[in-house]
Amino acid sequence: MSNSRVEEIREYDMEKPNLTHVQSVGGMTISPELFEKLYLTPKTPTAGDFRKRFANPTPLGFVGFVITDATFAMILMGWGGANSLSGVAGMFFFTGPVLLLLSTIFEWVQGNFFPMMVCGIFAVFWLSFGVLQLPSWGLAAAYSATGNSAEGAASVGYNAAIALYLLAWGFALLTFFVFTLKTNAVFAMIFGFVTTASFVLSAAYWRVAMEDYVMAMALQKAGGACLFVVALLGWYITFVMMAAEMRLTTNLPVGDLSHFWPATDVSLNEMEKNA
């Protein structure tokens, strides 16, 4: 091996990040526990120094998600006489998805796998659900022989399709819930409640398809209540992340779960050897 190649390897080894601590944007060395509180993902080795060069994008995505989720939940529960999402349809395209997609991109750049996945799936969920609030697309009208949107929205086919869609989302979210158990209790509860809400709202659409409107309304409000709990937990964890980034001295608990699992600050090759 040439002397120049040996020197390159030596320089690379000197520049590799310490796997027991990671440097934040400000150059501060942080523990795996604090890293998981800030980024909502286990600390893993990454190439490059993007976490030192760019700001933490996770709170940005959470703000977009929580504002949209809280509004959605309150309308589902009928607070203040609200009974339609049409007036706030824009949140399904801009408030939630724009911030979530920006966060997704920068999580990917920084190599934060799990928050990238989380922000990505919620961005497309809000976009897909927002389409249902656009009469100009004529989705409900397609289920009516006369092209009547109201008639189509009450049809078996339309409601059964949405119920199946939410059922599929429920199982996807349940999968994510399993992996949140490697982070912290607050994040896990968020996914626990949002998974429950998906299944409950799926059941509500099934009841509409069966013309059981009383039970459908009760299930809708129950699903809204679950999503409102998600919003409260989301606001809390967003505040925790922002407080840490703004160097507030208050150490707010999130119920760290990482100590129940093997260390994650190892390469995939090393993990495979130890399996």
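1. **Ser144.** In this predicted model, Ser144 sits in the loop that joins helix H6 (113-131) to helix H7 (149-153). Is Ser144 buried or exposed? Ser144 counts as buried, because its relative accessibility is 8% and the cut-off for buried is under 20%. The side chain of Ser144 makes a polar contact with the side chain of Thr146, at 3.1 Å. Beyond its neighbours within four places in sequence, Ser144 is in contact with Glu151 and Gly152.

2. **Overall make-up.** The chain has 275 residues, and 40% of them are buried. It holds eleven helices and two strands. Their order along the sequence is α-β-β-α-α-α-α-α-α-α-α-α-α. How many of the contacts between residues at least 6 apart in sequence join residues at least 24 apart? The share is 68%.

3. **The H4/H5 pair: geometry.** Two packed helices are described by the angle between their axes and the distance between the axes. For helix H4 (residues 58-76) and helix H5 (residues 95-110), the axes come within 8 Å. They cross at roughly 160°. Angles over 145 degrees count as roughly antiparallel, so H4 and H5 are roughly antiparallel to each other. The crossing of H4 past H5 is left-handed.

4. **The H4/H5 pair: residues.** Which residues make the contact? H4 supplies Thr58, Leu60, Gly61, Val63, Gly64, Phe65, Ile67 and Thr68. From H5 come Thr95, Gly96, Leu99, Leu100, Leu102, Ser103 and Glu107. Sorted by class, the contact of H4 with H5 has seven nonpolar residues, seven polar residues and one charged residue.

5. **Thr68.** This residue belongs to helix H4, and it is one of the residues in the contact with H5. Thr68 has a relative accessible area of 0%, so it is buried. What does the side chain of Thr68 reach at 3.2 Å? It reaches the backbone nitrogen of Gly96. Gly96 is itself among the H5 residues in the helix contact. Setting aside neighbours within four places in sequence, Thr68 is in contact with Met91, Phe92, Thr95, Gly96 and Trp126. Of these, Thr95 is also listed on the H5 side of the helix contact.

6. **Gly87.** The loop between H4 and H5 contains Gly87. Gly87 counts as exposed, because its relative accessibility is 77% and the cut-off for exposed is over 50%. Where does Gln133 lie relative to Gly87? The two are 46 residues apart along the chain, and their C-alpha atoms are separated by 9.2 Å.

7. **Glu211.** Check the backbone here. Glu211 is not a glycine, although its phi is positive, at about 65°. Glu211 lies in the loop that links helix H9 (185-209) to helix H10 (213-245). With a relative accessible area of 58%, Glu211 is exposed.

8. **Arg247.** Here is another backbone point. Arg247 has a positive phi of about 65° and is not a glycine. Its place is the loop between H10 and helix H11 (268-274). Is Arg247 buried, partly exposed or exposed? With a relative accessible area of 42%, Arg247 is partly exposed. Glu211, on the other hand, is exposed.

Definitions and conventions. Residues are numbered from 1 along each chain as its sequence is written. This is a predicted model: local features need pLDDT of at least 70, side-chain atom pairs count only at pLDDT 80 or more; totals for chains, interfaces and linings use all residues. Side-chain values use heavy atoms; hydrogens and water are left out. Axes are lines fitted to C-alpha atoms, for helices over the stretch in contact, and angles run from 0 to 180 degrees between N-to-C directions. Helices (H or I, at least four residues) and strands (E, at least two) are DSSP runs, numbered from the N terminus. Angles under 35 degrees count as roughly parallel, over 145 as roughly antiparallel, 65 to 115 as roughly perpendicular and the rest as oblique. A crossing is left-handed if the near helix is turned anticlockwise from the far one by less than a right angle, and right-handed if clockwise. Contact means heavy atoms within 4.5 Å. Ala, Val, Leu, Ile, Met, Phe, Trp, Tyr, Cys and Pro count as nonpolar, Asp, Glu, Lys and Arg as charged, and the others, Gly among them, as polar. Buried means under 20% relative accessible area, exposed over 50%, partly exposed in between (1.4 Å probe, protein chains only). A polar contact is a pair of N or O atoms within 3.5 Å; within protein, one must be able to donate a hydrogen and the other to accept it, and residues adjacent in sequence count only if both atoms are side-chain atoms.
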